[in-house]
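Here are my notes for your first read-through. Keep the viewer open and find each element as you go.

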Amino acid sequence: MAVPAAALAVATGAISLDHARAEAERLGPVVGFLAAVLVLAHFCDVEGLFQACGAWMARWAAGRPVRLLTAVFALASAITAVLSLDATIVLLTPVVFATAARTGVRPKPHVYACTHLSNTASLLLPVSNLTNLLAFAASGLSFTRFAALMALPWLAAIGAEYLVFRRFFARDLTAAAPVGRDTGEVPALPLFALVTVGCTLAGFVVASAFGVEPAWVAAAGALVLAGRALVRRQAGPLDVVRSAAPAFLAFVLALGVVVRAVVDNGLAEALGHVVPDGTGLPALLGIAALAALLANLINNLPAVLVLLPLAVPAGPGAVLAVLLGVNIGPNLTYAGSLATLLWRRIVHQHEHDVDLGEFTRLGLLAVPSSLAVAVVALWGSLQIL
Amino acid sequence: MRVIVWLVEGTWPACVDAVRAHAPDDAEVVLLHVSGPDVPAVAHGAFAGLLGRGHREADPGDRLEALGGTSAASLLAAAAERLGRPCAREERSGRVEREVVAAAEGAGLLVLARDGDRSRLGPRSLGPAVRFAVDHAPCPVLLVWPEPAPDLRTIPPPPPHHP
């Protein structure tokens with residue numbers, strides 16, 4: 001869909017070939033970084049990391065819903081931060097559901113926690129979310145400084161979500177009746193995957209100190225895990241290529257070109273008047289709110305591509321405020337944005353029967369509160385660091 | 001007489017115990033579990049929010065639907081064991097409260113547990129699903145507390161008398 005649109009934008013002269021090439025060259029390293037993180041997460045799953053997460057949660061919670069929620073918050077936040085939001089949604093959510101069902105706990109709060117944290121907990125590292133990778137490349141921050149500035153907002157936003165969840169799902173969280181089965185056999189500790197991921201994280205810090213692109217570190221980590229799976233014949237070369245989601249990578253490049261065409265043709269001027277200036281607390285709040293609004297209208301990926309060129313001149317503070325908005329914001333709308341929701345109506349993929357009232361009430365409580373505390377925390381971090 | 005016992009995660013043991021205490025020995029007991037579409041739909045929506053990831057086979061909502069079937073079966077098995085007498089098991093999926101009412105058609109008794117705020121006596125001890133089932137049940141209803149019922153003192157004092 002996006003690839004023909006990008007071709008059309010170039011063919012009709014909506015974007016010059018030079019601009020399209022510049023955009024593709026700018027996004028190339030980001031897409032490479034993204035591919036490495038996707039491969040890393042996929043082979044962590046092959047190594048059994050997510051099954052082990054299920055067993056840990058079940059053992060620690062022992063059928064008590066509030067303890068399970070706490071465990072889900074801790075694991076989903078860590079996995080989103082390190083292995084990206086895709087890993088939490090695609091790989092962790094089914095494990096959490098199975099764990100809740102197996103231990104006789106109502107699964108709804110815990111599944112909601114996974115989906116909310118895949119957004120809210122994706123603030124910490126450049127690798128946590130594709131939006132971060134895009135902003136990181138544009139912001140000129142080092143990997144370590146990005147993480148240092150975002151640590152406090154990350155914790156504050158997760159804390160706010162936790163309080164909202166405890167209140168919102170209080171009734172579901174009091175009901176507990178074990179179905180009388182044990183918590184399942186304990187799988188072996190996926191030591192190799194954990195060590196590889198740990199070394200990759202340490203590598204990010206070291207690489208950033210020496211001015212090396214962190215994408216290379218991610219690639220090394222991905223190669224180690226994929227190589228091990230290849231040697232042990234757990235996967236073929238085709239599986240490795242597929243785990244990098246080449247169609248998605250092409251989509252990101254094409255989306256970048258399309259958004260650049262739209263921005264070049266007047267959107268930059270129109271939005272330039274709306275984006276607040278400066279990096280004081282009111283300006284940061286305004287930028288984050290605008291970013292959250294735009295993310296809810298058109299999805300956060302195009303939103304961050306649109307807002308980045310406008311935020312970069314104002315400095316890293318404004319860029320990170322955009323990220324708070326586009327990352328936390330999507331919890332407000334089912335399917336992440338009104339555009340996606342409309343599209344699903346059009347192509348009749350709306351057979352799924354979500355309780356939209358409940359989804360939106362939770363979003364209306366969680367998004368403004370976590371966004372506000374995160375922006376204040378970011379402002380504080382910018383003052384101290 | 002047919003007794004429909006609606007079992008929900010977390011509160012089902014009280015319903016099974018109520019059947020053991022109150023249902024006649026010759027009653028035909030049906031253990032009912034209804035899987036709602038809302039929890040898998042939350043996962044479907046989160047996946048749809050991942051713009052451009054395409055592959056529908058990666059959609060976690062589908063895996064949740066499959067897992068939901070297995071966990072309903074194991075809940076019904078645990079309940080049948082606790083009941084300790086012959087019974088039928090029925091798994092339904094759809095709008096939970098409406099499926100329960102439909103299942104209770106022609107029954108002699110519907111057994112269900114309060115699913116709201118159970119810290120005090122009062123109307124808030126019924127959540128929306130149980131409220132709907134109680135209001136629309138086409139048969140007698142046995143409504144039980146999942147835990148021992150709260151104290152009578154949890155009822156607020158009556159409003160002051162105005163002559």
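1. How many bridges join strand E4 of chain B to E5(B)? Four, and the two strands run parallel. E4(B) covers residues 109–113. If you want one pair to look for, take Val111(B), whose bridge partner in E5(B) is Leu142(B). Do keep in mind that you're looking at a predicted model.

2. Now for the whole sheet in chain B. Five strands make an open sheet with parallel pairing, in the order E3-E2-E1-E4-E5. Strand E3 (88–93) and strand E5 (141–144) of chain B are the edge strands; each has a single partner strand, so one side of each has no neighbour in the sheet. On average, neighbouring strands are turned by 20° against each other, if you ignore direction. As background, strands of a sheet pair through backbone hydrogen bonds, and that can be parallel or antiparallel.

3. Next, the helices that go with this sheet. Helix H1 of chain B, residues 12–22, packs on the sheet and touches strand E1 (2–6), strand E2 (28–35), E4 and E5 of that chain. Compare directions and you get about 140° between H1(B) and E4(B). Helix H3 of chain B, residues 60–83, lies across E2 and E3 of chain B, and runs at about 155° to E2(B).

4. Five helices and five strands are found in chain B, and from the N terminus on they run β-α-β-α-α-β-α-β-α-β. The C-alpha trace of chain B spans about 65 × 50 × 25 Å along its principal axes. Of the 163 residues in chain B, 42% are buried. Take the contacts in chain B with a separation of 6 or more: 74% of them come from residues 24 or more positions apart.

5. Is Gly69(B) buried or exposed? Gly69(B) has 11 C-beta neighbours inside 10 Å, so it counts as exposed; the cut-off for that label is 12 or fewer. Gly69(B) is in helix H3 of chain B. Val34(B) is 35 residues away along the chain, yet the two C-alpha atoms are separated by 9.9 Å.

6. Then look at where the two chains meet. Chain A gives 44 residues to the contact and chain B gives 38 residues. On the side of chain A that touches chain B, the elements giving two or more residues are helix H4 (65–102), helix H5 (108–120), helix H8 (170–174), helix H12 (246–272) and H16 of chain A. H4(A) has the largest share, with nine residues. By type, that side of chain A divides into 25 nonpolar, ten polar and nine charged residues.

7. Which residues does Tyr334(A) touch, leaving out those up to four places away in sequence? They are Leu341(A), Val354(A), Leu356(A), Phe359(A) and, from the other chain, Gly45(B). Tyr334(A) is in the loop between helix H15 (316–328) and helix H16 (338–346) of chain A. Since 27 C-beta neighbours lie inside 10 Å, Tyr334(A) counts as buried; that label needs 20 or more. Gly363(A) is 29 residues from Tyr334(A) in sequence, and their C-alpha atoms are 9.2 Å apart in space.

8. Last, check two backbone angles in chain A. Ala245(A) isn't a glycine, but its phi is positive, near 50°. You'll find Ala245(A) in the loop between helix H11 (237–243) and H12 of chain A, and it counts as buried because it has 22 C-beta neighbours inside 10 Å. Asn299(A) isn't a glycine either, and its phi is positive at about 80°. Asn299(A) is in the loop between helix H13 (281–298) and helix H14 (300–311) of chain A. With 26 C-beta neighbours inside 10 Å, Asn299(A) counts as buried.

Notes
Residues are numbered from 1 along each chain as its sequence is written. Chains are lettered from A and ligands numbered from 1 in the order in which they are written. This is a predicted model: local features need pLDDT of at least 70, side-chain atom pairs count only at pLDDT 80 or more; totals for chains, interfaces and linings use all residues. Two strands pair if DSSP finds at least two bridges between them. Axes are lines fitted to C-alpha atoms, for helices over the stretch in contact, and angles run from 0 to 180 degrees between N-to-C directions. Two residues are in contact if their C-beta atoms, placed from the backbone, lie within 7 Å. Ala, Val, Leu, Ile, Met, Phe, Trp, Tyr, Cys and Pro count as nonpolar, Asp, Glu, Lys and Arg as charged, and the others, Gly among them, as polar.
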